[in-house]
Amino acid sequence: FIAGVEEILNPKSQRFKNLKERLEKGHVVAADSAGMAHVKRVGIIGGGVAGLQTARALSKLGKECVIFEKSSNIGGVWRSNYADFGLQVPKELYEFPEFPWPNHVKNGYFPPGEVAQ
C-alpha cells in the first residue's frame, strides 16, 4: 500500500503523470466539487466501528445506508477479538455520541474487552 501511495505521489512516476492528465481532462473529479446531492443510497462494507460511524454520519446527511457485514453480528473486531484485551484510550474517546458509556463507567477509564463489547 505505501509503495503504491509513494509512486502515485512521485511527479516522475507514470502513475502520477496518468492521474495528473486525467484530472486535467476532467475524468477524475473530487467528491467535494462534484457534489453528493444525487447520491441517495450508500453501500458500506463492514459493520465495525468505522462502518457504523460512517452510516451514522451519512444518515444525518439524509442518505440511506446499507451495511454489508460478513459475520452474523455487528461490531467488527470488538465483537470477537477483544475479549482478553481492552481499550488503549480513555472510554470518552471511544463512544458513539448517541450511545455514551453508562454513567457507572468512570471517566478516564480504560475499559477491558468484556466491558467494551
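1. Helices (H or I, at least four residues) and strands (E, at least two) are DSSP runs, numbered from the N terminus. Ser13 sits in the loop between helix H1 (2–9) and helix H2 (14–25).

2. A word on the basis. This is a predicted model, where local features need pLDDT of at least 70, side-chain atom pairs count only at pLDDT 80 or more, and totals for chains, interfaces and linings use all residues. Residues are numbered from 1 along each chain as its sequence is written, and side-chain values use heavy atoms, with hydrogens and water left out.

3. Is Ser13 buried or exposed? Ser13 is buried, at 10% relative accessible area. Buried means under 20%, exposed over 50%, and partly exposed in between (1.4 Å probe, protein chains only).

4. Ser13 has neighbours. Its side chain reaches the backbone nitrogen of Phe16 at 3.1 Å. Leaving aside residues up to four places away in sequence, Ser13 touches Glu7 and Ile8. Contact here means heavy atoms within 4.5 Å.

5. Now the charged pair. The structure holds 1 salt bridge, meaning a side-chain nitrogen of Lys or Arg within 4 Å of a carboxyl oxygen of Asp or Glu. Glu64 forms a salt bridge with Arg41, and the closest N and O atoms are 3.3 Å apart. Glu64 lies in strand S2 (residues 64–68) and Arg41 in strand S1 (residues 41–45), so the pair ties together parts 23 residues apart in sequence.

6. Glu64 is partly exposed, with a relative accessible area of 43%. Arg41 is exposed, at 57%.

Terms used: Polar contact = N/O pair within 3.5 Å; in protein donor to acceptor, adjacent residues only side chain to side chain.
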